Amino acid sequence: MQALPTDTSKGARLVAVVCAAQIFVQIGAGFWPALLPQMMQRWSLSNSEAGWITAIFFGAYMVSVPVLVTLTDRIDAKKVYLFGVACTVAGHLMFGLFADGFWSAFATRALAGLGWAGTYMTGLKLLADQVDAKLMSRAVTGHAASIGISGAVSFLLGDVLADQFGWRSAFVFSAVTAAIAWIMVATVVPTHRPAPRKPAQGGGLFDFRPVIRNTSSFAYSVVYCVHTLEMSALRGWGVAFLAFVAAHTGLTDETLSPALVVTVLALLGTLASIAGNEASIHFGRRRLVATAMILSIGFAAVVGFAGSTHYWLAVVLLIAYGMVVWLDSSSVTAGAAGNADPARRGATLAVHSTLGYAGGFLGPLIVGWTLDLAGGMSPMAWGLAFGVVGLLMLLALVAFLAMRPANLVGDRRS
């Protein structure tokens with residue numbers, strides 16, 4: 001599929017509009033994990049049940065995204081995007097108005113996950129269809145940064161809104177902001193009809209085998225799977241972990257609350273993601289990704305055990321760990337999209353997203369299951385939970401190095 005012949009200024013305006021829309025869509029992303037400790041108490045949820053409510057968002061995404069994103073190889077990505085935003089509006093609104101326990105929360109979070117499946121990579125595909133190749137890598141980074149900033153702010157915003165107006169009002173607010181995003185894209189983003197183009201390799205629209213055989217792209221998607229597993233585990237349980245450490249160590253000073261810490265973590269992580277993509281361009285994408293994975297393994301091995309001994313040590317370790325986790329976020333997505341067959345970019349992003357959110361689905365569950373199997377929250381249980389995540393990252397590193405993916409055109413060590 002060919003990108004439209006846009007000039008730089010038009011391309012930059014399109015990127016700005018889509019990124020702004022993603023901020024409004026994603027503003028409620030952190031409300032559930034930010035309120036997790038109080039919601040577990042309010043609804044008498046086990047660690048595993050709380051993990052399922054967090055995970056089903058990613059699970060619904062995982063099963064929906066292969067269809068929704070792949071369809072953008074045949075129909076206008078804008079139409080799929082607007083469908084996804086509408087589902088997001090409905091999911092947040094119904095959670096705020098009707099959720100009253102495990103099953104209602106489970107169902108409405110699943111609807112929000114379906115919405116994100118039609119919004120996240122579809123927004124990226126919308127940009128890929130309409131900006132030139134030179135702008136592509138930085139468009140990916142800007143897209144990821146807008147989502148990262150909005151997702152980061154959502155932790156603190158959800159905590160503040162729930163404290164001032166009640167938790168139901170917080171989710172209704174996130175439905176309103178998503179509706180604003182729908183209006184923005186519907187009225188501003190131009191329509192684009194994908195040009196018929198024969199893929200470089202055979203196969204139908206939903207034949208993903210050529211995508212998997214393209215190891216220069218697929219290797220980055222394998223990393224993205226465990227990367228998202230790690231990120232969702234950290235975001236989904238970060239507030240609960242810090243709340244445990246504060247209670248376990250007898251801390252009464254709330255100068256830096258758990259919700260504020262995770263907000264700072266995600267904001268700094270977004271900056272790390274931007275810096276990581278620039279480092280990939282200058283020093284080589286493979287090298288940057290491998291380095292980030294090695295550092296992640298190291299932090300995962302110590303954050304649960306050491307962080308449980310002192311709240312401020314936990315804060316420092318968790319923020320540093322988050323920055324390492326986010327470091328290769330833009331780099332792996334740009335690596336997958338940039339190395340894809342242009343006629344299969346939608347299918348490639350569908351596979352990339354499916355693997356990523358399969359990891360995102362498992363991450364919160366793995367932590368919740370490990371905590372319950374270890375007898376509940378304790379320093380040992382948290383250490384084991386993060387340790388399991390680190391072990392999975394080690395396996396992904398071995399696979400990535402074995403596949404030896406290519407850098408991107410424009411990477412100085414390509």
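**View 1. The largest cavity of the predicted model, with the residues nearest its centre.**
A search of the whole structure returns 6 cavities of 30 Å³ or more, and the largest of these holds about 480 Å³ of space. Its lining is made up of 29 residues, among which Q26, F58, M231, R235 and Y357 lie nearest the centre of the cavity. By residue class, the lining of the largest cavity comprises 15 nonpolar, 12 polar and 2 charged residues.

**View 2. Helices that contribute to the lining of the largest cavity.**
Of the 29 residues that line the largest cavity, two or more come from each of helix 2 (31–34), helix 4 (47–70), helix 6 (102–117), helix 8 (133–165), helix 11 (215–248) and helix 12 (258–283). Helix 11 gives the most to this lining, with 7 residues.

**View 3. Helix 11 along its length, with the bend at W237.**
Helix 11 has 34 residues, which at 1.5 Å a residue should span 50 Å, and the 46 Å between its end C-alpha atoms agrees with that expectation. The helix bends by about 50 degrees at W237. Helix 11 is also mostly covered, since 30 of its 34 residues are buried, that is, under 20% relative accessible area.

Terms used:
Residues are numbered from 1 along each chain as its sequence is written. This is a predicted model: local features need pLDDT of at least 70, side-chain atom pairs count only at pLDDT 80 or more; totals for chains, interfaces and linings use all residues. Side-chain values use heavy atoms; hydrogens and water are left out. On a 1 Å grid over the protein atoms alone, a cavity is a set of points where a 1.4 Å probe fits but cannot get out, and a pocket is an open set with protein on both sides within 12 Å along at least five of seven lines; lining residues have an atom within 4 Å of a point. Grid points are joined across faces, edges and corners, and a volume is the space filled by probe spheres set on the points. Helices (H or I, at least four residues) and strands (E, at least two) are DSSP runs, numbered from the N terminus. Ala, Val, Leu, Ile, Met, Phe, Trp, Tyr, Cys and Pro count as nonpolar, Asp, Glu, Lys and Arg as charged, and the others, Gly among them, as polar. The expected span of a helix is 1.5 Å times one less than its number of residues. The bend at a residue is the angle between axes fitted to the seven residues ending there and the seven starting there. Buried means under 20% relative accessible area, exposed over 50%, partly exposed in between (1.4 Å probe, protein chains only).
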